[in-house]
Amino acid sequence: MRGTLVGRDAVLELAVSTLGTAGRVLIEGPAGIGKTALLTALVGQAQERGTVVLRCAPTETEAALPLAALGDLLQPLVGDLDSLPAPQLRAACSALLLQHDSAPVDERALAAAVRSLLDTVADRSSTGLLVAIDDAPWLDPPTERALQFALRRVSPRVRVAVARRTGDRLDPRVPLELDARYPVERLRLTPLGVGPLHRLLAQRFGVSLSRPIVARLARESGGNPLLAIELTRAALRLPRMPGPGGDFPVPASMYELVDASLGTLRPDSVRAARLAALLSAPHVSELAAAGIAADALDAVEEVGLVTVDDADYVRFVHPVYASAVRASIPPGVRRRFHEVLARSSTDRDERARHLAQCATEANDEVALELAEAAERARARGAPDLAADFYERAGALTVDGSGAVALRLRALYCLFDCGNYRLAAEQVDAVAGDLDGDLLAEALLLRAAIAFATDDLPLAASTAQRALASATPSSRLAGRIHAHLAVFVDLAAPAREHAEAALALLENEPVAGERDLRGAGVLGRTDRALLASVLMLVFLNEVRTGLPPRVDLLDRALAMEDGNPSWLAGTIPAIWWKGTDQHERARERLHWMLEVAIGAGDEPLQHELMEHLAEAETLAGNYEGAATWIASARELAAQLGAGVAAERWLGGTLDALRGRPDEARAAGEAGLAEAAVSRDPWLHRISLQLTAFVALADGRAGDAAAAYAELNAAMNATGLAEPLASRFEPDWLEACVGIGDLVTAEVALDRLARRHDRLPRPWTTLALARSRVLIASAAGQDTTPLVDALLAARDATPADVVPFDRARCLLVVGLAHRRARRKRAARDALLAAATEFDALGAPAFAARARADADRTGGRIGTPDELSSSELRVAELAATGATNREIADALFISPKTVEANLARTYRKLAIGRRVELAAALRARAHAQT
């Protein structure tokens, strides 16, 4: 496979680690699973380190050519042959066809020559030697014997990596007796999942296939990369990708293999194989009901196409075998087979699946049956299958308007399964022929697609068009108002839309009003939607600066009754994140994610991953945040969704972790995209990132300018309380940094107003920290303000806003330094650095240490304990646990661990039980 190795990072890391400790690596798996790609990646890494690599890749036809593989392997060492003793030299030259000798090759001398050459080259290279052998079963016997002899005897500097093809069962034997002297790490490659396959196919073909298509490719290829590539190559030649009811084209080689097997069977066995291939989960009893005798199926099993398990389920040996069998059925015969299965099936969904394939004329009864099957499929989390059922139901519906409604339901389901591109194309295609409420439904769906792909201006304008087309004061109009409350960026208009939605949706449905209740989540007008509207009213009142009516949120949560509100269900988590209730936010988001996965709602899964990333960032769990960002990016690539939130959060993490170039690039990319799309939300979050990166990088002037622009943007949208934005204390710090105390007071006033409206741990600490900064810069006595700041910090649990708590110590240290309290300044700054280290924020830790170095005064010896280290050590010596110490000192357990690690190093001890004695000895030495 070309390009970067995909989906095998952990396996590659294990292989590299094993080879680094003189182990041997055996890569195993079926044909096409990626063994050669992994071996190639290993070789590439070794060559980058300067390791000498010898490689051979024998083929089946070469297995009969004596010493062919050994010649390939040793060819780069021809220049080293002269160092061999005469017998070994003659044998090696004969084997490499460097001289003509009628006498047979002395195999013992040849094996000794191979060993000598490998050891010589390995000793000469500073990083050793790697022997890489692909497709070991095709080694010719003389090569195999020579290598067995040599590899049992070579030094540990000769590393060996071997790949071999295996079947379903693991062969206990190790090729070349690799395990005779050194340990062998056996790496059995497993099928690739949807995410890695999506990346692989995008890399190979330069197209981004939709997630439902890649999921089908993963199933039909069995996760085999080579087979998935061949299936994709064939499918890309089609005018349109196959739907859930269609098959991918079968590669010619696979088709010929299956066709040859079918050609050996009796007609009744061929019929058995074909009917089994058309069933979704073929069972012996279902085939019997369709007229298949047991002995007819026996022959199909004997030729290796299927197996019958203990529960009498019939399973094709490989999913592509079933596709190849289906491809062999002529269209007319296939329709008749579907008719047979529709009549004989006792399962409603299986019957509907066959009806969808055999019905050719309009029939309302069949259409109704298919629509009901679509509803069941959507309810159990299969929106792609539901879309196919709705599409067929629409095609079989006699009434024109009914057919259009079913077609819209199909498009809603395409949206639900994340097939944004196809859904948008088809909505645009049908919208021109619609008017009234049906047009409004289509436009609402188009707006939702735009929102999911981060095009907020298009989402808002399209939803406004939908509202204009809908029947006034209808429940459909209420649904559109609810969506506009999400799409519209301006706080006051968004609140007006939420209130309008509430007025229209609080009552019972109007008799006879059209309602696409089966059209996926966007078409629902149930209690969950009303709960979402209450949440939207609550949120937008907060955003406009009104006191939070938590009773509205409580009422909405009570209405959910175990099912999260689908339109605005993240609002409680947004509220809890914004008020530093991280655990409640996590619980809500994880619950919603579990429900979304069960329902197959991938757009919602993507949104929830973004929120989880932000929640973990605020809670100081940067590793967890990075994991969620990576997951959200991967799913976004599969869905064709936007990644603005991932870029913003990832850039923030980069700034915290000391990667300013990456963080700065993320901010610049966001601002450039916002300039083109004219998306105010994207503009704000990109400004916030750009400003924070500048502040973390020590560019206070750039930060102050960007924050001033952000403040103006907030004011322009009427955002008095942007829950997700905490920019005021950073703006103030940047202004203090450039000596602009007038603007710093403006920032302080805005922060104070936010705190007065809604006191939270972060506003409490930010307000206290900001007052110290301004007073210190103005040359005022900061003693009472520092005491107040430390009291606020002590009152805030260590796991609530850990980054803010560490920044409090940083500000305290700076205030002490300005007041020439050098020892106090150093202690505070070094304590801040310790907490930043524990969080994984090295950029801020480095700044704190640099400020500590600038305090001057007496510098402690390298093994001197800081005041925080001493406090932690003294409590640990009494037997207190890390959690108890953390609670007593109002720090996190991670900070306790970091302090103890440094203390052990400074006191030259290795265990906790040694602390008490070491501290007594230290005290005695100091007296």
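**Close-up views of a predicted model**

**View 1. Pairing of strands S3 and S4.** Strand S3 (residues 129-133) and strand S4 (residues 158-165) are joined by five bridges in the parallel sense, where two strands count as paired if DSSP finds at least two bridges between them. Within this pairing, Ile133 has Val162 of S4 as its bridge partner. Helices (H or I, at least four residues) and strands (E, at least two) are DSSP runs, numbered from the N terminus. This is a predicted model, in which local features need pLDDT of at least 70 and side-chain atom pairs count only at pLDDT 80 or more, whereas totals for chains, interfaces and linings use all residues. Residues are numbered from 1 along each chain as its sequence is written, and side-chain values use heavy atoms, with hydrogens and water left out.

**View 2. The five-stranded open sheet.** The strands follow the order S2-S3-S4-S1-S5 with parallel pairing. Strand S2 (52-56) and strand S5 (184-188) form the edges and have a single partner strand each, so one side of each is left without a neighbour in the sheet. From one strand to the next, the twist averages 15 degrees.

**View 3. Helices across the sheet.** Helix H1 (residues 9-20) lies across S1 (24-29), S3, S4 and S5, at about 165 degrees to S5, while helix H5 (residues 107-124) lies across S2, S3 and S4, at about 135 degrees to S3. Axes are lines fitted to C-alpha atoms, for helices over the stretch in contact (heavy atoms within 4.5 Å), and angles run from 0 to 180 degrees between N-to-C directions.

**View 4. Surroundings of Arg657.** Arg657 is placed in the loop between helix H31 (644-656) and helix H32 (660-677). Not counting residues up to four places away in sequence, Arg657 touches Tyr622, Glu623, Ala626, Gly840 and Pro842.
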